[in-house]
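Colleague: I am new to this structure and would like to understand the terms used to describe it. Could you take me through them in turn?

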Amino acid sequence: MTAVPLVGADNAPSRITLRGTFKRFVTPRAWVDALGPLDLEVAAGEFVVLVGPSGCGKTTLLNLVAGFEAPSGGSVEVDGETVTGPGPDRAMIFQEPALFPWLDVEDNVAFGLRQHGQLSASDRRAVAAEYLRLVHLEGFARAFVHELSGGMKQRAALARALAPRPRVLLCDEPFGSLDALTRERLYAELQELHAATRRTTLFVTHNTREAACLADRVVVLSPRPARIATVRRVELPRPRDFYDPRVSELAGAILADLRGAPAATGATRLA
Amino acid sequence: MLAFLAGLLLLWQIVSSLALLPSYSLPSPSQTALRLVELARDGSLLPSVEASVVRMLLGFVLSAAIGLSVGVAMGVSETVNSGLRSLFLGVQTLPSAAWVPIALLLFGLGDAAIYFVIVMSSMAAMAIAAADGIANIPPHYLRAARSLGTSGLALSTRVALPAALPSVVTGIKLGWTLGWHGVVSAELIKSSIGLGFLLSAGRELNDAAQVVGIMLVIVLIGLLLDRLLFSFIERRIRVRWGLATDTSGR
């Protein structure tokens with residue numbers, strides 16, 4: 001893909017395994033079961049989209065894999081090792097781009113590379129420049145964060161997450177607050193990026209068309225506490241166009257899954 | 001702005017020339033300026049300016065070190081925060097002059113009493129600003145940093161501190177002003193040199209021109225540092241952080 005010495009270029013994508021995973025939030029006066037128990041296996045390099053009604057516990061599932069929260073029961077494993085906390089092998093992007101305003105765009109993208117002690121400052125810059133090119137921001141290395149548009153910020157956040165070559169990429173509704181046009185461009189770019197980097201990706205959304213457009217496999221979750229309602233393997237060729245009728249059809253089927261009515265094949269063509 | 005100040009000066013000149021009050025209680029601008037020149041000539045102004053500014057700088061550095069450290073502890077620990085916050089908010093209602101009597105009782109007539117007044121006047125404001133800055137760091141900054149492999153000390157120095165910086169700088173600016181109040185208050189009551197001393201000497205000599213002149217010098221020095229240094233830094237940071245739009249170009 002590139003002549004730049006990529007950090008951890010030998011990092012193979014990881015396999016994620018959830019077994020009997022369960023999360024209960026306990027407050028002094030009440031408790032809420034947010035998730036599971038559920039089983040889920042994500043293959044190395046796979047792009048899995050989690051779809052569910054809002055508040056169903058999708059984000060909780062991501063937080064468990066990221067290590068921001070610990071499961072109340074069951075296990076969360078990455079490559080067979082139990083997750084004990086956040087780590088650079090599992091990068092996460094959020095609905096807010098969460099770029100650091102005290103750094104320019106390039107320093108943001110290079111931020112995670114500092115943890116790799118073997119990389120010199122000029123190597124870090126070269127890697128950052130390479131990822132900026134991948135997300136079409138090559139002219140904005142020295143820009144302040146607030147000078148970027150919403151879509152550019154999210155691209156920069158994606159570059160920052162991918163630059164240290166994490167084994168897993170976790171996406172928590174990253175395009176949720178963008179306008180439709182920007183979002184559609186980013187679907188195409190994210191597919192390109194995934195094809196180029198093959199990071200194991202867990203992507204959370206409530207947009208069924210987004211799910212159909214991006215996923216190797218769509219996992220539909222039930223209302224809280226989230227359990228797996230249906231799983232759909234998506235065999236459509238890539239790159240997929242957001243307005244491909246087959247994407248629309250699949251989106252309709254996922255919507256039917258979400259509403260709890262199993263869709264009869266071909267019965268949910270959207271006009 | 002300059003025209004407004006000139007108008008104000010003119011108004012002052014007119015009012016004082018009406019001689020409603022004797023010139024030893026209401027001096028004219030020209031008398032005031034003349035007196036300042038005299039003070040500068042006879043060598044009593046500059047050493048006092050220097051004494052006050054040096055005291056301020058030392059006391060301020062001490063106060064910022066204490067205030068910011070305590071503030072960081074408050075920002076990090078809810079226990080420390082709930083304990084100290086109401087105390088600090090209470091302390092802030094005390095005018096800086098109110099610290100002078102206890103400072104004299106505790107430290108006697110040395111400069112230590114002045115430093116004590118500076119610290120007590122300005123420390124709480126800086127601590128609260130730092131605590132708020134740290135407590136209000138957007139949680140997704142910290143999450144993003146942790147998922148990029150940042151932890152421990154690096155999380156504080158590379159993420160938490162820069163994220164809290166706008167609030168910290170605002171606190172430092174406020175602390176500077178409060179500390180400057182503290183210096184003058186302390187010198188007013190106890191000192192044989194300094195701008196506060198020249199103020200009280202002027203009152204004892206019924207020399208209103210000296211009193212008003214020194215007041216102007218105090219305002220000028222306070223403004224100079226506030227405008228030239230702190231406001232400049234604060235503005236730079238706010239622009240950079242995207243909190244304000246840049247109107248000056250960069």
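Predicted model: local features only at pLDDT ≥ 70, side-chain atom pairs only at ≥ 80, totals over all residues.

Colleague: What makes L193(A) count as buried?

Modeller: A residue is called buried if 20 or more other C-beta atoms lie within 10 Å of its own. L193(A) has 21 C-beta neighbours inside 10 Å, and therefore counts as buried.

Colleague: Where is L193(A) placed, and which residues is L193(A) in contact with, leaving aside its neighbours within four places in sequence?

Modeller: L193(A) belongs to helix α5 of chain A, residues 180–197. Apart from those sequence neighbours, L193(A) is in contact with L134(A), L158(A) and L162(A). As for R24(A), 169 residues away along the chain, its C-alpha atom is separated from that of L193(A) by 35 Å.

Colleague: Why is α4(A) described as mostly covered?

Modeller: Of the 13 residues of α4(A), 11 are buried. Among them are M152(A), K153(A), L158(A) and L162(A). The buried residues of α4(A) pack against β6 (90–93), α2 (105–110), α3 (121–134), β7 (168–172) and α5 of chain A.

Colleague: Why are α9(B) and α10(B) called roughly antiparallel?

Modeller: The axes of α9 (residues 195–204) and α10 (residues 208–240) of chain B cross at roughly 160 degrees and come within 8 Å. Angles over 145 degrees count as roughly antiparallel, and the two helices are therefore roughly antiparallel to each other. The crossing of α9(B) and α10(B) is left-handed.

Colleague: Which residues meet where α9(B) and α10(B) are in contact?

Modeller: From α9(B), L195(B), L198(B), L199(B), G202(B) and R203(B) meet Q210(B), V211(B), I214(B), V217(B) and I218(B) of α10(B). By class, this contact has seven nonpolar, two polar and one charged residues.

Colleague: How many residues of chain B are in contact with chain A, and which element gives the most?

Modeller: There are 14 residues of chain B in contact with 21 residues of chain A. On the side of chain B that touches chain A, α7 (139–147) and α8 (152–189) of chain B are the elements that give two or more residues. The most come from α7(B), with six residues. By class, that side of chain B has six nonpolar, five polar and three charged residues.

Key. Residues numbered from 1 in each chain as written. Chains lettered and ligands numbered in written order. Contact = placed C-beta atoms within 7 Å. Nonpolar A, V, L, I, M, F, W, Y, C, P; charged D, E, K, R; others polar. Axes fitted to C-alpha atoms, helices over the stretch in contact; angles between N-to-C directions. Parallel < 35°, antiparallel > 145°, perpendicular 65-115°, else oblique. Left-handed = near helix turned anticlockwise from the far one by under 90°. Buried ≥ 20, exposed ≤ 12 C-beta atoms within 10 Å, placed from the backbone.
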